[in-house]
Amino acid sequence: MTRQPSLHPRRRAHAIRGIGRDQRGTVLIEAAFALPLLVTLLLGILIYGTWFMSAHSLQQAANDAARAAVAGLNATERRTLVDQSVTAARAAFPLPAAQTISVGTTENGGYYRVTLRYDMANAPIMSAFPLPTANRTLERSAVVRIGG
């Protein structure tokens, strides 16, 4: 059996002090801490940006449909104009399954309300990263005054 030569006490002390100054691997350790936070932040921006973009697009479609309804002379004509406007808005909707946008209309006291609903489960990014939300259905409305 051969015995390993031991370091002289001065050399051993010098080697131990050198460990504290050795910077190799620190970038890897820092990246291990920072990278998950950065990825989480970027995914949050992407997911909530998608939600806000969808909400804005749906609100614009509801606004356009309500404005189009003003030109109708009766409830049937107004509903036809709303459906035509929503069909045109579906083509520009930023998420897939725009054909699933449901349309509701009500007329009450000289005001006409258009309500659009879209299930965010149809959005690929929302189904890929399920986040706790109060309601998965995005709903937006617009009201216009009709008549005199």
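The model is predicted: local features need pLDDT of at least 70, side-chain atom pairs count only at pLDDT 80 or more, and totals for chains, interfaces and linings use all residues. Residues are numbered from 1 along each chain as its sequence is written, and side-chain values use heavy atoms, with hydrogens and water left out.

I begin with the fold. The protein has four helices and three strands, taken as DSSP runs numbered from the N terminus (helices H or I, at least four residues; strands E, at least two). Their order from the N terminus is α-α-α-β-β-α-β. Of the 148 residues, 24% are buried, where buried means under 20% relative accessible area, exposed over 50% and partly exposed in between, with a 1.4 Å probe and protein chains only.

Let us turn to T115, in strand β2 (residues 111–119). T115 is buried, at a relative accessible area of 9%.

The salt bridges follow. A salt bridge is a side-chain nitrogen of Lys or Arg within 4 Å of a carboxyl oxygen of Asp or Glu, and the count comes to four. One of them joins D64 and R67 at 2.5 Å, N to O; both residues lie in helix α2 (residues 26–69), three residues apart.

Another links E107 and R78 at 3.4 Å, N to O. E107 belongs to strand β1 (residues 102–108) and R78 to helix α3 (residues 75–92), so the pair ties together parts 29 residues apart in sequence.
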